[in-house]
Amino acid sequence: MQEHPRKDKIGKEKVYCLLFVLSLYALWAADALCRDRLYSDWEKRMLAQRPEAKLSAVLDGSYGAAYEEWLTDQFPARDLWIGIKTRCELALGKKEIGGVYLGKDGYLFAEQERTVNWDRLKERVSGQFGDDIVSCIRAPAAGAVLGEMLPYGIAFTVREDPVWENLYEHRDEYIYYRTDHHWTMRGAFYAYEAWARERGLTPPSLEAMERTVVKEEFLGTHYARLHYASRTDSIELYDPGVDCTAVYDLGDSPLTGLYRPELLDSGDAYRFFLDGNHPVVQIETEQKEGHLAVLKDSFANCLIPFLTLHYHKITVIDPRYFRADPAEWLQTQDVTEVLFLYQDTALISTAA
């Protein structure tokens with residue numbers, strides 16, 4: 001006898017319902033058994049931790065918002081689901097996913113926001129040391145230089161200064177990572193070259209320095225937001241050949257060199273250069289004179305080795321982490337020149 005179609009349908013619905021309930025229990029069990037992750041190596045940020053269920057927080061709604069943020073950050077297999085979501089959106093033909101624009105030849109682009117009030121800090125430092133010894137390198141966003149790699153209808157704001165012009169002249173070379181917002185060490189060299197000529201210094205040729213590929217298959221910050229890349233990057237080192245020593249965090253760190261090869265296999269391989277971001281790093285070289293202070297963000301990390309060709313001492317300060325007033329502290333350091341080196345604010349405009 002043939003089974004009634006309605007009973008067959010009800011049976012399938014029960015199976016689907018049971019599978020759904022089992023999935024919820026599986027997620028609940030994973031949530032209960034897994035410890036919260038403190039930091040995401042891929043996303044390069046701290047993750048939200050489980051909020052405390054206080055009555056006052058529940059009543060004013062802050063607990064619900066904090067719980068939602070925690071659940072989003074600590075969701076089981078979160079990295080896997082981000083990758084699946086990205087591929088689904090790619091299948092729909094999207095050119096922007098999570099604030100990242102998918103360009104040609106595997107390039108990923110995103111806006112760059114201001115991290116420090118650099119103009120105000122420059123004004124204070126110039127007032128204390130004088131305009132003639134203060135210089136600036138604004139690192140253009142990749143999209144401001146590699147405009148032909150942007151998806152159709154997307155444009156970046158462009159500041160046409162000597163650094164941008166030199167990078168643009170070499171735009172056919174590997175000067176920006178595809179999966180990361182930073183320039184490569186080759187790109188940093190062209191920025192340094194333009195700045196050095198402006199300051200009356202003589203930069204060497206890029207070919208005069210030893211080139212080593214220190215890491216293949218590098219995946220950077222843009223990849224971390226999407227968990228997708230059609231092409232990977234590599235990290236190159238151009239060695240200026242200058243013997244130098246470094247003191248990190250006024251001696252509180254045991255680090256002594258400019259490079260950290262042991263970090264090349266970590267989730268943040270760009271930390272190979274200058275161990276990422278420290279409040280202060282003091283470098284001494286074999287040069288005879290000159291003390292350069294560099295107030296910077298992470299774009300400076302792979303450019304600073306080139307500066308060792310010209311100065312006996314280089315004091316590197318990251319104002320985002322330095323607790324003292326940089327302008328006041330530098331007055332006690334016998335500084336002869338000051339360089340500001342930071343990413344230029346880059347905004348995206350779209351056209352229909």
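This briefing walks through some features of the structure above, topic by topic. The model is predicted, so please read every value as computed from it. The protein chain holds 11 helices and 15 strands, and 47% of its 352 residues are buried.

**The chain as a whole**

- Start with the contacts between residues at least 6 apart in sequence: 70% of these join residues at least 24 apart.
- The protein chain exposes about 18900 Å², and carbon and sulfur atoms supply 52% of that area.

- As a reminder, strands of a sheet pair through backbone hydrogen bonds, and the pairing can be parallel or antiparallel.
- Here, three strands make an open sheet in the order 3-4-5, with antiparallel pairing.
- Strand 3 (96-97) and strand 5 (108-109) are the edge strands, and each of them pairs on one side only.
- Strand 3 is joined to strand 4 (residues 100-102) by two bridges.
- To find one of the bridges in the viewer, look for Ile97, whose partner in strand 4 is Val100.
- The loop between strand 4 and strand 5 contains Asp105, a residue other than glycine with a positive phi, near 55°.
- Asp105 is partly exposed, because its relative accessible area of 37% falls between the limits of 20% and 50%.

**Strands 8 and 9**

- Strand 8 (residues 210-218) pairs with strand 9 through six bridges, in the antiparallel sense.
- Thr212 has Leu237 in strand 9 as its bridge partner.
- Strand 9 (residues 233-239) is mostly covered, with six of its seven residues buried.

**Helix 7 and its buried face**

- In helix 7 (residues 162-169), the buried residues are Val163, Trp164, Asn166 and Leu167.
- Looking down the axis of helix 7, you would see these buried residues within an arc of 165°, so they line one face of the helix.
- What do the buried residues of helix 7 pack against? They pack against strand 6 (134-139), helix 6 (142-145) and helix 8 (185-198).

**Aromatic rings**

- A pair of aromatic rings is described by the distance of the centres and the angle of the planes.
- The count for this model comes to 17 aromatic pairs.
- Tyr174 and Tyr177 form an edge-to-face pair, because their ring planes stand at 85°, which is over 60 degrees; the ring centres are 6.2 Å apart.
- Both partners are buried: Tyr174 has a relative accessible area of 17%, and Tyr177 has one of 1%.
- Tyr259 and Phe272 give a stacked pair, with 5.3 Å from centre to centre and 20° between the planes.
- Tyr259 and Phe272 are 13 residues apart, and each is in the loop between strand 10 (244-248) and strand 11 (280-285).
- Are Tyr259 and Phe272 buried or partly exposed? Tyr259 is partly exposed at 24% relative accessibility, while Phe272 is buried at 3%.
- Phe189, Tyr190, Tyr192 and Phe306 belong to one aromatic cluster.
- A ring can also have a charge over it: the charged end of Arg171 sits over the ring of Tyr168, 3.9 Å from the ring centre.

**Another positive phi**

- Leu250 has a phi near 55°, a positive value in a residue other than glycine.
- You can look for Leu250 in the loop between strand 10 and strand 11.

- Ile348 is part of strand 15 (residues 348-350).
- With a relative accessible area of 15%, Ile348 counts as buried, because that value is under 20%.
- Which residues does Ile348 contact, leaving aside its neighbours within four places in sequence? They are Tyr101, Ala110, Glu111, Ile154, Ala155 and Phe156.
- Ile348 and Gln112 are 236 residues apart along the chain, and their C-alpha atoms are separated by 9.2 Å.

Key
Residues are numbered from 1 along each chain as its sequence is written. This is a predicted model: local features need pLDDT of at least 70, side-chain atom pairs count only at pLDDT 80 or more; totals for chains, interfaces and linings use all residues. Side-chain values use heavy atoms; hydrogens and water are left out. Two strands pair if DSSP finds at least two bridges between them. Helices (H or I, at least four residues) and strands (E, at least two) are DSSP runs, numbered from the N terminus. Rings of Phe, Tyr and Trp (its six-membered ring) pair if their centres lie within 6.5 Å; planes under 30 degrees apart count as stacked, over 60 as edge-to-face and the rest as tilted. Buried means under 20% relative accessible area, exposed over 50%, partly exposed in between (1.4 Å probe, protein chains only). A charge sits over a ring if NZ of Lys or CZ of Arg is within 6 Å of the ring centre and within 35 degrees of the ring normal. The arc is that of the directions from the helix axis to the C-beta atoms. Contact means heavy atoms within 4.5 Å. Accessible areas come from the Shrake-Rupley method with a 1.4 Å probe; for residues, only the protein chains shown count as cover.
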